Every structure is written in structure tokens, then in C-alpha cells.
Amino acid sequence: MELSRLDAKTFDEIIYDKAENCLVVFSRKTCHVCAEVVPMVEGISENYKDKLGFYYVDSEEQRDLYNRFSLRGVPQLLFFKDGEYQFKLAGKVEEEELEEKIAELL
């Protein structure tokens, strides 16, 4: 399932206004590691449809949002619970590691 794209406005609505538990992938089109990680996240998202939101932010198009979290490099997977940043995974993430973090969040 393709991840829903966020911009600064929709990010604030989902994360802070609705306080949705979610995973947000910061990525960019030209990143070869992202090209591996994003499809894996999309595949895993099917297992958590009613429990966790899955979103995508293009770090080049949404530079201010990317900078808001002082991120360095992509991909970056940020986890939020009840409107609060919890933790992140960076770089090439393995499916097992991602599943463990999702379980920790939920």
C-alpha cells in the first residue's frame, strides 16, 4: 500500500491535532537506500492498517519539515505516539528491526 504523502500543514494536522500514532518516512526520490526501505515499509503497513498510520515526506520538497527535526540524511523513520515524537530509525533498516520498533510503539 502506497504511503500517504504529508506536507507541513497535513503533518501538523495528523501528528499534533489528531495525535495519531504513526510512522513517518522522510525520504527522497534519488536515494538508492530509500528505494529499498520505502517499499518494505509500504509492505509492512498492510499488517497495521487499524493500529498505526504510515506516511511519507519528500525531504527535498518539504525542506522546512525535514529541518524541523534536525535530520541528517535519508531515509529517516520517525515514530510518533499521542502527538509526541518517540524515536527514529535511520538508514538501511531491516524488516525485523522495524517490526520490533512498531511493537515497542504500540
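**Notebook: Asn21 and the sheet around it**

I began with Asn21, which sits in the loop between helix H1 (8-17) and strand S2 (22-27). My helices (H or I, at least four residues) and strands (E, at least two) are DSSP runs, numbered from the N terminus. This is a predicted model, so I keep in mind that local features need pLDDT of at least 70 and side-chain atom pairs count only at pLDDT 80 or more, while totals for chains, interfaces and linings use all residues. Residues are numbered from 1 along each chain as its sequence is written, and side-chain values use heavy atoms, with hydrogens and water left out.

**Entry 1: Asn21**

I looked up the accessibility of Asn21 and found 21% relative accessibility, so Asn21 counts as partly exposed. For these classes, buried means under 20% relative accessible area, exposed over 50%, and partly exposed in between (1.4 Å probe, protein chains only). Next I listed its contacts (heavy atoms within 4.5 Å). Leaving aside residues up to four places away in sequence, Asn21 touches Lys51, Leu52, Gly53, Phe80, Lys81 and Asp82. Lys81 is 60 residues from Asn21 in sequence, yet their C-alpha atoms are 4.4 Å apart. I also noted that the Asn21 side chain reaches the backbone nitrogen of Asp82 at 2.9 Å.

**Entry 2: the sheet**

Two strands pair here if DSSP finds at least two bridges between them.

**Entry 3: strand S3**

I then followed S3 through its pairings. S2 and strand S3 (residues 53-58) run parallel and are joined by 6 bridges. Along this pairing, Val25 stands opposite Tyr56, and Ser27 stands opposite Asp58. S1 also runs parallel to S3, with 2 bridges, and there Ser4 stands opposite Tyr55.

Why is S3 largely enclosed by the rest of the structure? I found 6 of the 6 residues of S3 buried, so S3 is largely enclosed. In a regular strand, side chains alternate between the two faces of the sheet. I checked both faces of S3: Gly53, Tyr55 and Val57 are buried on one side, and Phe54, Tyr56 and Asp58 are buried on the other.

S2, H2 and S3 make a right-handed β-α-β unit. The crossover is right-handed if, with the strands pointing away from the viewer, the path from the first strand over the helix to the second runs clockwise.

**Entry 4: backbone in the loops**

Back in the loop between H1 and S2, I stopped at Ala19. Ala19 is not a glycine, but its phi is positive at about 50 degrees. The loop between H3 and S4 holds Ser70, whose phi is also positive, near 50 degrees. Pro75 lies in the loop between helix H3 (63-68) and S4, and a cis peptide bond joins Val74 to Pro75, with omega about 0 degrees.

Conventions. A polar contact is a pair of N or O atoms within 3.5 Å; within protein, one must be able to donate a hydrogen and the other to accept it, and residues adjacent in sequence count only if both atoms are side-chain atoms.
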